[in-house]
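Subject: Structure handover

Hello,

Here is the structure I promised to pass on. Please have a look at it, then read my notes below.

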Amino acid sequence: MTHHAGRVSSIAMKRRGAEDIMQETELKLELSEPGARSLLKKNPFGSSPTILQQRSIYFDTPGWDLSKRGLSLRIRQSGNERIQTLKAGGGTAAGSFIREEWERPVAGDTPMLDDPQIRDLFAGDGPKLAPLFEVHVKRHRWNVIDGDATVEVALDLGKVVAADREAPVCEIELEKKAGSPTALFALARKVDLITPAHLGVLSKAERGYRLLGSAPGAVKSAATPLNSEMSAATAFARIAAACLKQFRLNETALGWSRDADALHQARVSLRRLRSLCSICKSLFDDNRFDHLREELKWLASELGDARNIDVMIDRASSEALSSRLQDARDDAYAAVEASLSSVRARSLMIDATEWISIGDWRTQSDEMLHEQSSRDFASDVFDKLWKKVAKGGSFIDADDEIRHKMRIAAKKLRYAAEFFEPLYASKAEAKRHRRFIKAMEGLQDHLGSLNDIATAPEMLAKLELSDVADAKDLFSAEDKSKLLKDAAEAHDAFVNTRRFWR
C-alpha cells in the first residue's frame with residue numbers, strides 16, 4: 001500500500017510518506033457538456049489524449065459515519081486494474097488542506113481494511129460498510145509541457161449514480177507534475193478562452209453524498225478547522241478558501257433556481273472574503289491584493305440590487321407594490337445571471353484561487369507576520385474592531401452614513417469572531433463566544449434593518465416605484481424611530497457582554 005496526501009477540492013497539496021518528499025498542486029474546473037465537446041474538438045493540449053473508462057464505487061455505513069469523520073473510501077476500476085483509495089481530513093477549496101490518502105491494489109469490489117495504518121480510522125465501522133454510490137467517467141488524459149512545467153490534464157465526462165438518481169460529471173483537472181504551479185493557472189485561462197470554465201469545489205465523493213440527500217439549496221458558512229499552532233497566514237488561506245467554496249456552491253444553486261437564500265448566501269460569502277482580506281491586510285505586501293479586493297467588491301455589488309429587491313418584497317404591504325417588485329426582481333436576477341456567467345467573474349475565481357494558493361504573499365520573509373500564531377493575531381484583530389464598535393454607541397442622532405460605517409465595523413467584528421472561533425475552544429471560551437455572537441447578532445439585525453430603511457428610497461427611485469401605493473411604508477419614520485431605540489439597547493448589551501478572547 002502506498003501512502004501519500006491527496007486532492008483537496010480545487011487546489012490540493014499532496015504529501016507522501018511521513019515527511020514531505022514532493023508537493024503537487026491540482027486545479028479543478030467545471031465545464032458544460034457542449035463546452036467539453038468543444039474542448040475535445042479544438043484540443044489545445046498538443047497531443048492526442050489517452051482515453052480510459054473508469055468506474056468508482058464509494059463505500060460508507062448506512063449512517064454515513066465515514067463522511068461524518070471526513071473520510072471517503074472508494075474502489076476505482078480502470079481496465080483490469082482496481083485501486084482502493086481512502087482519503088482522510090477533507091477540506092474546502094483552493095489549497096487549504098493536506099489530505100492524507102492511502103492507496104492499494106485490490107482484486108475485487110470488496111474493501112480490504114487489514115492494513116494497520118488505516119484500521120483505527122474506521123473505528124469499528126468496517127463490517128457495516130456497503131456500496132453507497134458509483135461514479136462512471138470516460139477520462140481523456142494529456143501530459144502538457146509548458147516551459148519547465150509539466151501538467152497532467154484529465155477531462156472527465158460521465159455521471160454519478162446513487163440509488164435511482166444520477167447527476168452528470170463534466171470537469172477538467174489540471175495537476176502539476178513538475179515546474180512552477182503558475183502553469184496550472186495559465187492553462188486554466190487557456191481553457192476558459194475556448195469554453196466557459198468555472199472553479200470546481202466539489203470532489204466526486206461530495207457530489208455523490210449530495211445526490212443522496214435532499215436537493216442542494218443555499219449553503220451557509222461553516223467553521224473552518226484551525227488550531228493555535230498554525231500561523232496567521234495559514235489560517236487566512238484556509239478561511240479564504242472556505243469563502244470561495246461557499247460562493248461557488250451558492251452560485252451553482254442559483255444556476256438551478258432563482259432562490260433568494262442562495263443569492264443572499266453567495267453575496268455573504270463575497271462580503272466575508274472581502275472582510276477577511278481587510279482584517280488580515282497586514283499580512284500582504286502584494287500588488288495583486290488591492291485589485292482582487294476591488295474585483296470582489298464589483299461582484300458583490302452585481303448581486304446587490306437583486307438582494308435589495310428581495311428584502312423589499314418581504315416588507316411590501318400591498319399587492320400592487322409586490323407585483324411591481326416581482327417584475328423588477330426578474331430583471332435583477334437576469335442581470336445577476338449575466339454577471340456570474342461573464343469572463344470577468346470566472347477570471348476572478350481563478351485569480352483569487354491562484355493568489356490564495358501560491359501568491360507572492362505566501363513566501364514573504366516578514367517573520368513576525370507569518371510566524372505570529374493565529375490566536376495572537378486574532379486577539380489583536382478583535383481588540384481593534386471591538387474598540388471601533390464600542391465607540392459607536394452615540395449613533396441615535398447620527399446620520400445614515402455614520403450608522404452605515406458602524407454597521408460595517410460591527411459586521412467585520414462578527415465575521416472575525418466566526419472566522420477564528422475554533423481557536424477559542426475551551427469550555428469557558430466557547431460559552432463566552434456564544435454569548436458574544438448572540439449580542440453581535442442583535443446589534444447587526446437592528447443596524448441592518450436601519451440600513452434597509454435608509455436605502456429603500458434610492459432603490460425605489462431607481463426602479464421608478466416611488467409613487468406606487470404603500471411604497472413609503474418601506475421606510476416609515478415610525479419604524480426608524482423604534483429601530484434606533486432597539487439598536488441603542490442592543491449596543492449597550494454588546495458593550496456589556498464579556499469578550500471571549502481576553
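A salt bridge here is a side-chain nitrogen of Lys or Arg within 4 Å of a carboxyl oxygen of Asp or Glu. The structure holds 39 of these salt bridges.

Two notes on the source. This is a predicted model, in which local features need pLDDT of at least 70, side-chain atom pairs count only at pLDDT 80 or more, and totals for chains, interfaces and linings use all residues. Residues are numbered from 1 along each chain as its sequence is written, and side-chain values use heavy atoms, with hydrogens and water left out.

Overall build

The chain has 16 helices and 10 strands. Both are DSSP runs, numbered from the N terminus (helices: H or I, at least four residues; strands: E, at least two). Buried residues make up 51% of the 502 residues. Buried means under 20% relative accessible area, exposed over 50%, and partly exposed in between (1.4 Å probe, protein chains only). The C-alpha atoms fill a box of roughly 75 × 50 × 50 Å along the principal axes.

Salt bridges

Asp-192 and Arg-346 meet in a salt bridge, at 2.6 Å from N to O. Asp-192 lies in helix H4 (182–194) and Arg-346 in helix H11 (343–358), so the pair ties together parts that are 154 residues apart in sequence. Asp-192 is buried at 9% relative accessibility. Arg-346 is buried too, at 6%.

Arg-293 bridges to Asp-290, with the closest N and O atoms 3.6 Å apart. They sit 3 residues apart in helix H8 (287–302), which means about one helical turn separates them. Arg-293 is partly exposed at 25%, and Asp-290 is partly exposed at 45%.

Arg-414 forms a salt bridge with Glu-441, the closest N and O atoms being 3.6 Å apart. Arg-414 is in helix H14 (400–419) and Glu-441 in helix H15, so this pair ties together parts 27 residues apart in sequence. Arg-414 is buried at 16%. Glu-441 is partly exposed at 32%.

Salt bridges that share partners also join ten residues into one network: Lys-28, Glu-30, Arg-139, Asp-156, Glu-171, Glu-173, Lys-204, Arg-207, Arg-248 and Glu-251.

Backbone

Two non-glycine residues to look at. Trp-64 has a positive phi, near 60°. Trp-64 sits in the loop between strand S3 (50–60) and helix H2 (65–68), and is partly exposed at 28%. Glu-464 has a positive phi near 55°. Its loop runs between H15 and helix H16 (477–495), and Glu-464 is exposed at 67%.

Best wishes
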